[in-house]
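Subject: Structure for you to look at

Hello,

Here is the structure I said I would pass on. My notes on it follow.

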Amino acid sequence: MTNSADLHPARLPGYGDEPFTHRPELLNGRLFWLAHLHNWADSTDVEEVLYGADYEAAGAFQRQLFAQADWPTFTIPLRAGHRLHIVYRTFEEDEGVDYLLHHPDWDRAELLATEEGHFMGPGLSWPELVAAAGNALPGGTTTDPHARLLLLLPALGDDAPPNDAKDRLAAALRARAKAEAADALAAALLEAQGLWGPARWTTTERGVRINDGEYSVRNPANSALSSDRLAGVSAALTP
């Protein structure tokens, strides 16, 4: 990892030595956001609201993004030195988007969610997502809470978002993706919740946040993470 003054990773232990590139300029384009939210638009009706007249352009942009040799990576700092990384993995015929949690003292990054053919998630609850989006900590790719919320949104799975969730998501969609029907789109996205759908979150007697998602590493029944690693992830993401 790079030093504390620059949180963008040169490598992530346990994940590989691929050519990460910092691409903050991508966040300024509507087509990037349409491509980034692609897997959350899981029906024709939702796709029509998301893409509008830009369906073909968004598809072409996404193909171009995954065709490059380097791996666009975005970083969101958390408290106590933890970082969330969103990595566009551009392996030919094995491309996907990975959501990882890391701390410089950890010997490996924790893969929380991945969007690909063999998907895995959810990795975040709604309170964890909005806490990371709104913490305004410097040193990451962006401090804009709307951009952070949309970057992390595809890792979400939560069957009990609060009453203001739709309004917060709609505001982000309006600001960054220039969505015309932002309220309707936010409601549709929160209902579908991407590849894995909503999950129920609970807190164990040890204070560890877990879920019941069939494809989630934060579901103890899946045996994906040890109890200590589950606790570490939960503590790092605690709002």
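Which residues in α5 meet which residues in α6? On the α5 side they are H146, A147, L149 and L150, and their counterparts in α6 are L169, A171, A172, L173, A175 and R176. Please keep in mind throughout that this is a predicted model.

The helix pair

Two packed helices are described by the angle between their axes and the distance between the axes. Helix α5 covers residues 145-152 and helix α6 covers residues 165-176. Their axes are 9 Å apart and the packing angle is about 105°, which means that α5 is roughly perpendicular to α6. By type, the residues of this contact are eight nonpolar, one polar and one charged.

The surroundings of α5

Six of the eight residues of α5 are buried, so the helix is largely enclosed by the rest of the structure. The buried ones are A147, R148, L149, L150, L151 and L152. These buried residues pack against α1, α4 and α6, and also against the strands β2 (71-77), β3 (83-89) and β4.

Helix α4 and the loops on either side

Helix α4 runs over residues 126-134, and W126, E128, L129, V130, A132 and A133 in it are buried. The loop between β5 (110-115) and α4 holds S125, and P122 is in the loop between β5 and α4 too. S125 counts as buried because its relative accessibility is 1%, where buried means under 20%. Apart from neighbours within four places in sequence, S125 is in contact with L156, D158, W201 and R209. The peptide bond that joins G121 and P122 is cis, with omega about 5°.

Phi of A136 is near 60°, a positive value in a residue other than glycine. K178 also has a positive phi, near 55°. K178 lies in the loop between α6 and α7 (182-192), and K178 is exposed, with a relative accessible area of 51%. For background, most residues other than glycine have a negative phi, and most peptide bonds are trans.

The largest pocket

Rolling a probe the size of a water molecule over the atoms shows where empty space is left. The largest pocket has a volume of about 270 Å³. It is lined by 16 residues, and N39, Q62, F66, E95 and E115 are the closest to its centre. Two or more lining residues come from each of α1 (30-36), α3 (55-67) and β4 (96-102). Helix α3 gives the largest share of the lining, four residues. Sorted by type, the lining has six nonpolar, six polar and four charged residues.

Strand β1

T21 is in strand β1 (residues 20-22). Setting aside neighbours within four places in sequence, the contacts of T21 are D70, W71, P72 and T73. T21 and T73 are 52 residues apart along the chain, and their C-alpha atoms are separated by 5.8 Å.

Regards

Methods
Residues numbered from 1 in each chain as written. Predicted model: local features only at pLDDT ≥ 70, side-chain atom pairs only at ≥ 80, totals over all residues. Heavy atoms only, no water. Axes fitted to C-alpha atoms, helices over the stretch in contact; angles between N-to-C directions. Parallel < 35°, antiparallel > 145°, perpendicular 65-115°, else oblique. Contact = heavy atoms within 4.5 Å. Nonpolar A, V, L, I, M, F, W, Y, C, P; charged D, E, K, R; others polar. 1 Å grid on protein atoms, 1.4 Å probe; cavity = no way out; pocket = protein on both sides within 12 Å on 5 of 7 lines; lining within 4 Å. Points joined across faces, edges and corners; volume = space filled by probe spheres on them. Buried < 20%, exposed > 50% of the residue type's maximum accessible area, 1.4 Å probe, protein only.
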